Amino acid sequence: LEGEPGHFIFFGLFTTCCPIMCTVELHVHLDGAIRVQTILDVAKRRNIHLPANTVEEMRQIIIVQQPATLTMFLGKFEEYMHVVAGDRDAIKRMAYEFVEDKAKEGVIYVEVRYSPHLLANTKVDPIPWNQREGDLSPDEVVHLVNEGLSEGERAFKIKARSILCCMRHMPSWSMDVVELCKKYQHEGVVAIDLAGDESLNCEANPEHSKAYEEAVRCGIHRTVHAGEVSPASVVKEAVDVLKAERIGHGYRTLEDQVLYKKLLAQNMHFEMCPVSSKLTGACDPDFTKHPIITFRKDKANYSLNTDDPLIFNSTLHLDYSTAHKYMGFTEEEFKRLNINSAESCFLPEKEKKELVNRLYEAYGMGCSTAF
């Protein structure tokens with residue numbers, strides 16, 4: 001898995017060169033993918049003191065260096081979110097730069113997720129990151145992100161859509177999130193998500209369930225973080241109660257073989273993040289024992305994703321090369337999982353078909369007949 005900067009080149013049996021491969025990414029957090037230089041620039045402009053003055057020094061503070069816990073990982077956001085939250089220029093800039101970075105990685109379609117409330121400083125209770133009350137609402141945050149992604153699409157010739165996150169620890173925000181999904185579903189927002197610390201908030205609050213019921217009623221697509229560090233029962237709840245169409249992570253599904261086989265039969269899509277799963281303590285740090293290997297062997301429907309590349313100091317290339325080096329992934333499996341990713345994305349059917357066929361063409365496989 002090598003190539004020029006910005007591209008993946010897979011190798012037939014990893015010995016002979018094949019054409020550049022297009023990739024699809026479905027699970028990456030906008031606020032976990034900000035450039036460190038952007039954080040420093042915004043802090044300087046806003047006169048916000050940071051404990052470091054250079055990119056390298058700031059990286060050492062933000063990056064998770066060794067396997068930890070999900071709670072410790074989530075604490076890393078406190079090091080920098082107060083810098084960009086509530087700032088219009090910063091939010092639009094990080095969305096635009098995100099698209100540029102994904103284009104350089106060879107991604108042709110990406111769904112990026114974030115919590116509008118965690119980037120706002122008014123019409124949100126409590127106001128996050130110890131900010132003073134300002135005038136940037138969650139609604140305007142979505143508008144700004146949409147603008148940044150759209151401008152990035154035009155500049156870098158890839159397609160980017162967004163997913164709005166409910167937060168497990170803030171159920172009072174969830175109905176607002178689904179209303180924003182409804183308002184902006186024709187302006188780039190394609191789904192709703194439930195994120196946050198599963199280890200502290202396992203079961204979905206009734207407010208989350210209510211928001212997901214409304215999403216179902218209005219045809220809003222649904223994904224849920226589940227089974228990352230929480231038990232398989234949380235995956236079952238995501239599917240049966242929240243009516244999730246995709247599962248974020250889902251490694252612990254294997255603990256319930258009845259559920260696992262049921263979801264395999266349903267072709268449930270799992271958004272998997274190998275490098276992330278090691279550093280958050282979600283999985284055994286030995287990649288040769290990773291649950292993804294079982295999913296691969298069973299020909300499950302899943303994608304490979306970066307999750308939070310800023311905090312893990314990673315790229316999509318690293319996740320792919322890790323899967324090849326330690327988990328037995330081949331060129332054919334990379335092709336299969338990317339086609340599955342495209343078929344499981346939240347684009348409208350016509351655009352989804354175009355994306356799938358673009359992959360078939362790039363992989364020299366002709367056109368898909370799956371639609």
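**Notes on helix packing**

1. Helix α6 (residues 138-156) buries Pro138, Val141, Val142, Leu144, Val145, Asn146, Gly148, Leu149, Gly152 and Glu153. Buried means under 20% relative accessible area, with a 1.4 Å probe and protein chains only. Helices (H or I, at least four residues) and strands (E, at least two) are DSSP runs, numbered from the N terminus.

2. This is a predicted model: local features need pLDDT of at least 70, side-chain atom pairs count only at pLDDT 80 or more, and totals for chains, interfaces and linings use all residues. Residues are numbered from 1 along each chain as its sequence is written, and side-chain values use heavy atoms, without hydrogens and water.

3. What do the buried residues of α6 pack against? Their partners are α5, β4 (107-114), β5 (159-167), α7 (174-183) and β6 (189-195). Contact means heavy atoms within 4.5 Å.

4. The length of α6 agrees with expectation: at 1.5 Å a residue, its 19 residues should span 27 Å, and its end C-alpha atoms are 27 Å apart. The expected span is 1.5 Å times one less than the number of residues. Lys157 follows α6, with a positive phi near 60 degrees.

5. Helix α1 (residues 36-45) packs on helix α5 (residues 88-104) at about 165 degrees, with axes 11 Å apart. The two are therefore roughly antiparallel (angles over 145 degrees). Gln37, Thr38, Asp41, Val42 and Arg45 in α1 meet Asp89, Ala90, Arg93 and Glu97 in α5.

6. In helix α9 (residues 232-240), Ala232, Val234, Val235, Glu237, Ala238 and Val239 are buried. Their cover includes β7 (221-226), β8 (246-249) and α10 (257-265).

Key. Axes are lines fitted to C-alpha atoms, for helices over the stretch in contact, and angles run from 0 to 180 degrees between N-to-C directions. Angles under 35 degrees count as roughly parallel, over 145 as roughly antiparallel, 65 to 115 as roughly perpendicular and the rest as oblique. Buried means under 20% relative accessible area, exposed over 50%, partly exposed in between (1.4 Å probe, protein chains only).
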